[in-house]
Amino acid sequence: MSIDWAALGSVFGISLVVTVALVSLFTLGVVGLSRQERAAAQGGSAALAVTGAYACFAACTAAVAYGIYLIVA
């Protein structure tokens, strides 16, 4: 039995980068929604923050769906 350490390291590195990117994207969505709530409490509007938040959530959903597609196919 032989382990291809280069391939294992590559999979680990890519998984780490994608995980950090996905969590960061979701965090940006949550921050956008919190800014909308803060603006609403002050009587303003934060349409750009809400649009950005929904875009971040949509990108997270697309990334998860693509990952599931890669596993199933």
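1. Let me start with the cysteines. In this predicted model, the sulfur of Cys60 has its closest cysteine sulfur in Cys56, at 6.9 Å, which is too far for a bond. A disulfide would need the two sulfur atoms within 2.5 Å. A search of the whole structure accordingly returns zero disulfides, and Cys56 is in none, its nearest cysteine sulfur being that of Cys60.

2. Are these two cysteines buried or exposed? Cys60 has 8% relative accessibility, so it counts as buried. Cys56 also counts as buried, because its relative accessibility is 13%; the cut-off for buried is under 20%.

3. Buried residues make up 11% of its 73 residues. The chain exposes about 5,700 Å², and carbon and sulfur atoms supply 73% of that area.

4. On the overall shape, the chain has two helices and zero strands. Its C-alpha atoms fill a box of roughly 65 × 25 × 15 Å along the principal axes. The radius of gyration is 18 Å, whereas a compact globule of 73 residues would have one near 11 Å.

5. Do have a look at the surface patch too. Which residues form this nonpolar patch? They are Met1, Ile3, Trp5 and Leu8, with about 580 Å² of accessible area together. Leu8 belongs to helix H1, which covers residues 5-41. With 46% relative accessibility, Leu8 counts as partly exposed.

Methods. Residues are numbered from 1 along each chain as its sequence is written. This is a predicted model: local features need pLDDT of at least 70, side-chain atom pairs count only at pLDDT 80 or more; totals for chains, interfaces and linings use all residues. Side-chain values use heavy atoms; hydrogens and water are left out. Buried means under 20% relative accessible area, exposed over 50%, partly exposed in between (1.4 Å probe, protein chains only). Patches are made of residues with over 30% relative accessible area and no salt bridge: like charges are joined within 9 Å, nonpolar side chains (Val, Leu, Ile, Met, Phe, Trp, Tyr) within 5 Å. Accessible areas come from the Shrake-Rupley method with a 1.4 Å probe; for residues, only the protein chains shown count as cover. A salt bridge is a side-chain nitrogen of Lys or Arg within 4 Å of a carboxyl oxygen of Asp or Glu. Helices (H or I, at least four residues) and strands (E, at least two) are DSSP runs, numbered from the N terminus. The radius of gyration is taken over C-alpha atoms; the globule rule is 2.2 Å times the number of residues to the power 0.38.
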